[in-house]
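This report describes the architecture of a protein model, from its local backbone features to its domains and ligand surroundings. The sequence and structure are shown first.

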Amino acid sequence: HGTSKINALGHLEIGGCDTVELKKEYGTPLYIVDEQLIRQRAREYMDAFKASGLTFQVAYASKAFSVKAMCTLVEQEGLSLDVVSDGELYTAMQAGFPVERIHFHGNNKTPDEIEMALDAKIGCFVVDNFTEIHLLQAMAAEKNQTVKILLRITPGVEAHTHEYISTGQTDSKFGFDIGNGSAFEAIEVASKQSQLQLLGVHSHIGSQIFEVEGFQMAVERVAAFAREVKEKLGLTFQVVNLGGGFGIRYVEGDTPLEVSQYVKAITDGVKKHFAGIGEELPEIWVEPGRSLVGEAGTTLYTVGTSKDIPGVRKYVAVDGGMSDNPRPALYESQYEAMLANRANEPVAETVSIAGKACESGDMLIWDLALPKVETGDLLAVACTGAYNYSMASNYNRIRRPAVVFVQDGQSDLVVRRESHEDIVRNDLIPARMNKQTV
Ligand code: LLP
């Protein structure tokens, strides 16, 4: 992917940086992010929308990978930003991200989070349920503010993907259902609130989707809903947000489309189905996460121990695992990997890559073909840019890795490796235990 290649020394190189050198400088495990590739993907989204002639916003779903440098990159590329918690909002604000381009999502925004977002004067709230309509109205009234909102609706489209990450179907904790009338009622209720300016609706049908059909169906259903709302209430949607979910290639056999193909399917669908509903076509927003950053990330590990069970399997353990990448354990996600320090050597054995956490389920890759693996080798796992650092934990009190951005032979630390001190930073021993520590 991206700027990755094998250099003259037979080492994996990303963004012009030799991974063997990166290990010397930063240690492992290390998340390496190909900055150029993220910028390229961002431009693919922007260019595809520009080509459509529609008005649009591309918001990066920061849940995929939320750190200050990423917010800055996203700002520079002209994208907006979707946040789903006070933590993501705080990160964006700390990076100086333009607040009017921030959209706040989530099915249970707390009063504190809403207050923080109101005070920050963010661009838009994506309202998920009736409780939130009333809470937001009351809090905005208290502050004498008017807030722009979208209503999250569930169009009943079930994305063809892993069931834990499908959110478009009727039985979902998210949003107002079109099918049972709750979406219509939500429009009626929200449009009567004095402090809420209803811009339109939002729909997100799932994640890691390879086909355009789901998006086309969602557009069609949202348009039919828009038509009903226009006819019965005389309201038109200024904005329609079609969420994220565009797939990437983790392993051979994954068949994602090009960014431009997803965008074209959506914009063509909008032109076809929204024609004649209002005076003009709505502004179209999308919020990709994975497809902007997933392929740009590589995790570099050092190989430690191994265990050969003759006739059964050889386990090779690395210095990270489910604490930096919980996706295989959570979703049975598959990854490809290579030996970064001996990238040209022929395949010699099949091994299974284990993490170091005290849990049998901590396996990163089963049955991986590699050159003869030795302790001290570097293993590079590809496509770890999305939902890896952002889902990392301190399970077993393992310290979270550092993150570096690489570009044109330069590497820059964007997240420091956690220290031992970080691990105990919030721990307290009650005074009554009368324990003397240094
Ligand atoms: N918008 C909304 C409302 C979402 O819920 C999501 C993802 C996105 C946008 C971005 O979707 P993307 O373009 O990244 O597919 N942890 C899981 C993925 C969870 C996705 C949750 N929502 C994983 O590691 O596969």
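## Basis of the description

Helices and strands are named here as DSSP runs numbered from the N terminus, a helix having at least four residues and a strand at least two. In these terms, lysine 121 lies in the loop between helix H5 (111-120) and strand E8 (124-127). The model is a predicted one.

## Backbone features

Most residues other than glycine have a negative phi, and most peptide bonds are trans. Lysine 121, which is not a glycine, has a positive phi of about 60°. Lysine 121 is exposed, because 11 other C-beta atoms lie within 10 Å and the limit for an exposed residue is 12 or fewer. Asparagine 434, also not a glycine, has a positive phi of about 55°. Asparagine 434 is placed in the segment that follows helix H12 (420-424), and with 7 other C-beta atoms within 10 Å it is likewise exposed.

The peptide bond between threonine 28 and proline 29 is cis, with omega about -10°. Proline 29 belongs to the loop between helix H1 (19-26) and strand E4 (30-34).

## Domains and their contact

Two domains make up the division of the protein: domain 1 (5-33 + 294-424) and domain 2 (35-291). Their C-alpha centres lie 33 Å apart. Contact between them involves 22 residues of domain 1 and 19 residues of domain 2.

On the side of domain 1 that touches domain 2, E20 and strand E21 (410-415) each supply at least two residues. The greatest contribution to that side comes from E20, with four residues. By class, this side of domain 1 comprises 13 nonpolar, seven polar and two charged residues.

## The nonpolar core

The largest nonpolar core contains 124 residues, and those with the most contacts inside it are Leu81, Ile149, Leu151, Ile353, Leu379, Ala380 and Val404. Helix H8 (residues 213-233) gives the most to this core, namely eight residues.

Setting aside residues up to four places away in sequence, alanine 380 touches Leu12, Thr19, Thr298, Leu300, Ala337, Met338 and Ala340. Isoleucine 149 is 48 residues from glutamine 197 in sequence, yet their C-alpha atoms are 6.0 Å apart. Glutamine 197 sits in strand E11 (residues 196-202). Beyond its neighbours within four places in sequence, glutamine 197 is in contact with Thr146, Val147, Lys148 and Ile149. Glutamine 197 counts as partly exposed because it has 15 C-beta neighbours inside 10 Å, a count between the limits of 12 or fewer for exposed and 20 or more for buried.

## Surroundings of the ligand

There are 20 residues around the ligand, of which Ser207, Gly244, Gly289, Arg290 and Tyr387 come nearest. By class, this shell has eight nonpolar, nine polar and three charged residues. Each of domain 1 (5-33 + 294-424) and domain 2 (35-291) provides at least three residues of the shell. Helix H10 (290-293) and helix H11 (327-331) each supply at least two.

Arginine 290 is found in helix H10 and is buried, with 26 other C-beta atoms within 10 Å. Apart from neighbours within four places in sequence, arginine 290 is in contact with Ala64, Ser207, Gln208, Ile248, Ala386 and Tyr387. Tyrosine 387 is in the loop between strand E19 (378-382) and strand E20 (402-407), and it counts as buried with 25 C-beta neighbours inside 10 Å. With the same exclusion of sequence neighbours, tyrosine 387 is in contact with Ala64, Arg290 and Arg327.

## Database annotation

Under "binding site", an unreviewed UniProt entry lists Arg290, Arg327, Tyr331, Glu359 and Tyr387. These positions are spread over 98 residues of sequence and are also spread in space, with up to 27.1 Å between C-alpha atoms.

Definitions and conventions
Residues are numbered from 1 along each chain as its sequence is written. This is a predicted model: local features need pLDDT of at least 70, side-chain atom pairs count only at pLDDT 80 or more; totals for chains, interfaces and linings use all residues. Two residues are in contact if their C-beta atoms, placed from the backbone, lie within 7 Å. A residue is near a molecule or strand if its C-beta atom, placed from the backbone, lies within 6 Å of it. Ala, Val, Leu, Ile, Met, Phe, Trp, Tyr, Cys and Pro count as nonpolar, Asp, Glu, Lys and Arg as charged, and the others, Gly among them, as polar. Domain bounds come from an automatic or database domain assignment. A nonpolar core is a set of buried Ala, Val, Leu, Ile, Met, Phe, Trp, Tyr and Cys residues joined through C-beta atoms within 7 Å. UniProt positions are given in the numbering used here, feature names are shortened, and annotations may be inferred rather than shown by experiment.
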